[in-house]
Amino acid sequence: MASGSTASAAHHDHNYLNHEKGLWSWLTTLDHKRIGILYFITVALFFLVGGIFALLIRTELFSSGQTIMTADDYTRSMTYHGAIMVFFVIIPGIPAFLGNFFLPMQIGAKDVAFPRLNLLSWYCLIGGAAVALTSLAFGGADTGWTFYTPYSISMKPAVIWMVMGAFIAGFSSILTGLNFVVTTHKLRAPGMTMNRIPLFVWALYSTAIIQVLATPVLAITLLLLAAENIFGIGFFDPALGGDPVLFQHFFWFYSHPAVYIMILPAFGVISELITAFSRKTIFGYTAIAYSSLAIAAVSFFVWGHHMFVSGQSEWAGVVFSFLTMLVGVPTAIKLFNWMATLYKGSINLSAPMLYALGFMFLFTIGGVTGIFLATIATDVHFHDTYFVVAHFHYVMVGGTLMAIMGGIFYWFPKMFGKLVNDTVARWSFFFIFMGFNVTFFPQFVLGSMGMPRRYFDYLPEYEYLNQLSTIGAYMIGIGFVIGGWAVIQGLLNGKPSGPNPWGAKTLEWTTASPPPHENFIQQPIVTAGPYEYR
Amino acid sequence: MNRGSERSVMPQMKQQLSKQVKRAMALGAALVAMLADKSVLASTLMPPAVTKTAGEVDDIYIFLLVSSLISFIILIGGMIYFVVKYQRRSATDKTAYITHDHRLEFAWSFIPLVIFMFVFAWGWKVYHDMRAFPENALEVHVMAKKWDWRFLYKNGKEVTSALDAKNERVPATMVVPVNRPVKLIMASEKISANSTDPSDRPVLHSFYIPAMRIKQDVVPGRYTALWFEAEKEGDYWVFCTEYCGAGHSAMKAKLKVVSNEEFEKWLSAEGGGEMSLADVGRGLFGSQACIGCHSLDGSRLVGPSFKGLFGAKAHKVEGSSVDVNEEYIRESILNPNAKVAAGYPPGVMPAYAGQLSDEQILALIEFIKTVK
């Protein structure tokens, strides 16, 4: 894609795509925009791999009993689907790809604060992925993406490779977070006060704080797990005096905040889309900005809600249930604010906006079902059933992936100076949205009926809903193929977009498309807020 | 935007709209009524509830379902309504400049908070009942391994899975009496008790009875517990819900709830009552030389007496106090110096880790329970 787009963009003026030429210029680039594009390609490839594993899983579950693979292969497919999608798609998805490209532009900066660290972060992700996928050569890891002990400490080299891969990829996340915190504080354009920065930047900033503070905890946990596997040290093995539940505490101390690493940037994208496509200032800028910070802060104290039935004390469960309810409030605030922004707007239902509205629809379902799981008595029933699977897919796919798709179609003209065919992009939305509900809504019912997750086989009475779910998964697959086609078609034959096809107000739309090497020809001076649609 | 032309069609639109709103409200009310009817819910969404606790969980579930539906209709109904009403008409539409509204923002922060706090408290109350173990419960020991369950009754009866004529695994069936609390004391064990293969180690499992809405992880190296009181006779599924490897989904058991008479008859038949767990424990008490240091009559020997020990609250140990339960006895056998009884010197009793099987430890615990 690199050379193709460079060649086709050559007739434009000087821009970041034709500033330097050749593969080597891309692999050594320090330009945040080019690094963003590198992340785009990387994340898209991993999404394809993770998606293929998802379709394999759903195909196996089409009927009860063995369908296309053995139980051993199923547990591996499930592990790779989860690990790839979490560590290599959803976590880097918005911050490292869209964030890298647009955070500096939205605050009127030439680049991020530490361009070399930025490039290093991409190599950490690639290196981590290479190490993680090496595990396939050792028979593949079968622990699930959560690596729960003691199952994961059985001297299997595949598990060690997988864990070390996630460890290395974690540095990518830490470096990106660090870069964003410093960039937001130090490189804002004159007049760009903290209460004038776009909500996408606020969301990335809150995310970056979590990335910097929480990821090291995962790194240490994974290191302890690898050390236990290699040297038999006994942190988590009760036979050696360790505690298997301790691993869960460590793991979720990172992985629950990580859920917000995955969803907060999506909130940011949605705030941008809703305002741009309603041509209306955001309702409750301060509430949305500070609710992101509130979520980031409280997210560190709710990890125990993954462990209500793990054997932790009743009191621990009660405290975690209470704190989890508190996270629900800022999340509800955002949804109401977006709805209020639509009021008396001028709403354009182009593909990016459809994705944003689809996000609101799906995320609302994901959000309210979160309350079922935060309520301790009902969670005892739903824990580790398909209800949980449905809930987090509504949040992570219905939320984050919808936002990524919306963001890609929104910023595509800025990134490449070309328009995507809106009709094709809308069709991708239609298939993904419909398919998503067909796939995951039945899983709420399956979970209520009591079907546990991570099951290779199930009772015959669960078959009908599983078949529905599998059909939905194929619809989602078709939707992403259409979406991919829309992007490729736009790259090859898209009509020139001009600098601001949507009439949006944030700074990135004030410069040429594609942007010049250092983003702005002249240093922008900011005199107003980000959404001044008057 | 030119709102003038809109004004002329407003009354007609309003009329249509109010008709639609009424229709939607009637539909919503019907839906809510349907959801609130527990029998409908039970037969469609959840397996029939067979304990009082399960019924209480379902009440919360229904409340959450109805309030979620209402919130969803408000949010997404509002969204769709605005999207239809305020569709872009021209590229130069003017829009209202509304930045915030403190009253509205307070309302949509505070009302969700109140609802969340309410369900939190309700969920806590029901959960508290789940974790309050009745004193007089029938105790059954549950042993979990990759990938099977077995059940040990106090009278020595053991239930395991079996292979049928077609070499397929028939899950173990745990039999319990109706209308009597049952307490499960659960432990995780190796596939083979005397294997030295490092990859054969006990792993996490989770014991889940969907019909009772209860679930508890089975954790290697300690006991965890669950209780229930079935109100209906019948057969119910038990699933493993903590991922434990390729055989995870095959790790099932059956729960059979029968009348009390039938249960007693079943319990004493086939292998029941010959050698109870406590009897085995009494034998170990002698053969493992516990008898040299621990009396059964309350007199002080080298170590504390077992008389009345089990169930003691706030039993004084060096530096703190513990409730004497299965977990404490187990720890004191395997690692005696972890919590030494106050007034006794540490380092006297040898550690029995690796000397006793899981079942022998259970037998000793059951024996100590009988020393009243």
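Confidence, geometry and contacts in a predicted two-chain model

Chain A of this predicted model has an average pLDDT of 93, and 98% of its residues score at least 70.

Trainee: Why is A:Lys344 called partly exposed?

Mentor: A:Lys344 has 19 other C-beta atoms within 10 Å. A buried residue needs 20 or more and an exposed one has 12 or fewer, with partly exposed in between; A:Lys344, at 19, is therefore partly exposed. A:Lys344 is found in the loop between α10 (314-342) and α11 (351-374) of chain A. Its phi is near 60°, a positive value in a residue other than glycine.

Trainee: What makes B:Asn179 exposed?

Mentor: B:Asn179 has 12 other C-beta atoms within 10 Å. Exposed residues are those with 12 or fewer, so B:Asn179 is exposed. The loop that holds B:Asn179 lies between β6 (173-177) and β7 (182-188) of chain B. Phi of B:Asn179 is near 55°, again positive in a residue other than glycine.

Trainee: Why is α6(B) called roughly perpendicular to α8(B)?

Mentor: The axes of helix α6 (residues 277-287) and helix α8 (residues 358-370) of chain B cross at roughly 95° and come within 7 Å. Angles from 65 to 115 degrees count as roughly perpendicular, so α6(B) is roughly perpendicular to α8(B). Among the residues that make the contact are B:Leu277, B:Leu284 and B:Phe285 of α6(B), and B:Leu362, B:Leu364 and B:Phe367 of α8(B). The residues of this contact divide into nine nonpolar, three polar and two charged.

Trainee: What radius of gyration does chain B have, and what would a compact globule of 372 residues have?

Mentor: Chain B has 30 Å, whereas a compact globule of 372 residues would have a radius of gyration near 21 Å. The C-alpha trace of chain B spans about 100 × 55 × 40 Å along its principal axes. Its secondary structure comes to eight helices and 14 strands. Buried residues account for 31% of the 372 residues in chain B. Of the contacts in chain B with a separation of 6 or more, 64% come from residues 24 or more positions apart.

Trainee: How many residues of chain B are in contact with chain A, and which element gives the most?

Mentor: 72 residues of chain B are in contact with 74 residues of chain A. The elements giving two or more residues to this side of chain B are α3 (52-85), α4 (102-131), β8 (205-209) and β9 (214-218) of chain B. α4(B) gives the most, with 16 residues. The residues on the side of chain B that touches chain A divide into 43 nonpolar, 20 polar and nine charged.

Conventions
Residues numbered from 1 in each chain as written. Chains lettered and ligands numbered in written order. Predicted model: local features only at pLDDT ≥ 70, side-chain atom pairs only at ≥ 80, totals over all residues. Axes fitted to C-alpha atoms, helices over the stretch in contact; angles between N-to-C directions. Helix = DSSP H or I, 4+ residues; strand = E, 2+ residues; numbered from the N terminus. Parallel < 35°, antiparallel > 145°, perpendicular 65-115°, else oblique. Contact = placed C-beta atoms within 7 Å. Nonpolar A, V, L, I, M, F, W, Y, C, P; charged D, E, K, R; others polar. Rg over C-alpha atoms; globule rule 2.2 N^0.38 Å. pLDDT = per-residue confidence, 0-100.
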